[in-house]
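Visitor: I am new to this structure and would like to learn how to read it, one feature at a time. Could you take me through it slowly?

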Amino acid sequence: ALLYKPIDRVTRSTLVLHDLLKHTPADHPDYPLLQDALRISQNFLSSINEDIDPRRTAVTTPKGETRQLVKDGFLVELSEGSRKLRHVFLFTDVLLCAKLKKTAVGKHQQYDCKWYVPLADLVFPSPEESEHCPQVHVIPDHELEDMKMKISAIKSEVQKEKANKGQSRAIERLKKKMFENEFWLLLNSPAIPFRIHNRNGKSYLFLLSSDYERSEWREAIQKLQKKDLQAFVLSSVELQVLTGSCFKLRTVHNIPVTSNKDDDESPGLYGFLHVIVHSAKGFKQSANLYCTLEVDSFGYFVSKAKTRVFRDTTEPQWNEVGVPAGLAWGCVPAELTHPLSSQLDPQAVQTKNWHMDVIEMNGIKVEFSMKFTSRDMSLKRTPSKKQTGVFGVKISVVTKRERSKVPYIVRQCIEEVEKRGIEEVGIYRISGVATDIQALKAVFDANNKDILVMLSDMDINAIAGTLKLYFRELPEPLLTDRLYPAFMEGIALSDPAAKENCMMHLLRSLPDPNLITFLFLLEHLKR
């Protein structure tokens, strides 16, 4: 890892130089200097890539053929009903699943082979089969979120200890705790199935956090399967030699948790990343296309949002808003079975306005806009300048004007969701089309008489999105600025009876429109 650092530095500075050149006018005196610097960096990197000896990533079979390591990495396998962390190795003709053996200190580490499948015998199930995983026990989101909060709290403690020149033993203890929590998260958060069949009957199931990663593995295997491969069985000696070579050949050395990373790395960005995926161009043939948004937050990519599927097209126009994705260190691969990734520049991202961008790779161009709101800013609300509409206007003003207990927009959106959206998978999670949401917002603000007709024709996810937008744009939270800190303290109480008393007392202290709307929403969410 240490030897790799200088190369990593050059890789990063090459990307910076590339961006600098893009924004430097051609007649600027620095332009030719930047061009030279970029050329030197790129030549250096390509010469290093040529120097890497393919023999160091290969093992010789007893028949004298070379078996090259193509890809390896850590994956979670569902084995006998429980989740196990495995190190998976893809060679030119075989996929091998191993686990690192526990060894005494100072002893040479070794892998233990759990199973292998010759690529000639490996088949992928149909998309329907591969998505259907009844036996997977999925950990509830709130438990995963609680664990992330714990990890963040421990991280802060480690930073505090370091700043105060704390005892190294205390820091080590905290780091150990953080590693245990991150390991739990790594094992329990993946839920995207990746199934592999052996023609001879046995099936294996991995769980991944990222659609992007799943397509990478699948494509790497399919590419190798295009060659003329023969089926075979490894003798115990051959298997031992192959498993023995894994330790030496592996390219991924540490499990992907942030505790394994250097302390001097950027602390990351915390807050909300709003993304609108507009369109994609460059597909040669029609297909069913969707875009997923993934964020690299705990050392590995996690799916955060998905657009609708556009059927049978080469130019999908989504114009969909991706759910605000809580973001720590940022990459956004937009996945169209074509992995595209964008490194977030903390400086560029932190503007108040939407910033349009295009990612291009393998001839595919994806247009998207994004806006980052820091955690502190995301809690600040800006009241509407006009008092005539409903968005950004105090709930008490709206209910008084309408002579109602619950705002009309809340009643109508909830009624429509209960009519058409109760059976909808991912209601309130899957985002609606941004232009539809803005159209509904304008109609409610203008109190247009065509509201009901428009609602009955509108996509149900856009209606759910409009309701969420209404609450997000209130000039103060539904639980009010005044009582918000007390609610936060109340929810942190450990005694259930005290917590319930505190909450009931606080709810009764809310103004009537807030309380009645809150209970109305709660009943709906319960249904």
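Guide: Contact means heavy atoms within 4.5 Å, and among contacts in the protein chain between residues at least 6 apart in sequence, 65% join residues at least 24 apart. This is a predicted model, in which local features need pLDDT of at least 70 and side-chain atom pairs count only at pLDDT 80 or more, while totals for chains, interfaces and linings use all residues. Residues are numbered from 1 along each chain as its sequence is written, and side-chain values use heavy atoms, with hydrogens and water left out.

Visitor: What is the mean pLDDT of the protein chain?

Guide: The pLDDT is the predictor's confidence in each residue, from 0 to 100; here the mean is 83, and 84% of the residues reach 70 or more. Over residues 323-336 the pLDDT is below 50, although this stretch has 77 contacts in the model beyond near neighbours in sequence. Where pLDDT is low, the predicted coordinates should not be read in detail.

Visitor: How many helices and strands does the protein chain have?

Guide: Helices (H or I, at least four residues) and strands (E, at least two) are DSSP runs, numbered from the N terminus, and the protein chain has 17 helices and 18 strands. Of its 527 residues, 42% count as buried, where buried means under 20% relative accessible area, exposed over 50%, and partly exposed in between (1.4 Å probe, protein chains only).

Visitor: Which residues of H16 are buried?

Guide: An α-helix has 3.6 residues a turn, so residues three or four places apart point the same way. In H16 the buried residues are Met503, Leu506 and Leu507. Seen down the axis of H16, these buried residues fall within an arc of 100° (the arc of the directions from the helix axis to the C-beta atoms), so they line one face of the helix. The face turned away from the buried side of H16 carries the exposed residues Asn501, His505 and Arg508, whereas the cover over its buried residues includes helix H15 (484-491) and helix H17 (512-526).

Visitor: How far apart are the end C-alpha atoms of helix H4?

Guide: The expected span of a helix is 1.5 Å times one less than its number of residues. For the 23 residues of H4 (residues 141-163) this gives 33 Å, and the end C-alpha atoms are 33 Å apart, which agrees. The buried residues of H4, among them Leu144, Met147 and Ile151, pack against helix H5 (168-188). Just after H4, Lys165 takes a positive phi of about 55°.

Visitor: How many aromatic pairs does the structure hold?

Guide: Rings of Phe, Tyr and Trp (its six-membered ring) pair if their centres lie within 6.5 Å; planes under 30 degrees apart count as stacked, over 60 as edge-to-face and the rest as tilted. The structure holds 10 aromatic pairs, including the tilted pair of Tyr111 and Phe247, at 6.3 Å centre to centre with 50° between the planes. Tyr111 lies in strand E5 (residues 111-118) and Phe247 in helix H7 (residues 236-249), so the pair ties together parts that are 136 residues apart in sequence. Both Tyr111 and Phe247 are buried.

Visitor: Is Asp312 buried or exposed?

Guide: Asp312, in strand E13 (residues 310-313), is exposed, with a relative accessible area of 62%. Leaving aside its neighbours within four places in sequence, Asp312 is in contact with Ser286, Ala287 and Asn288.
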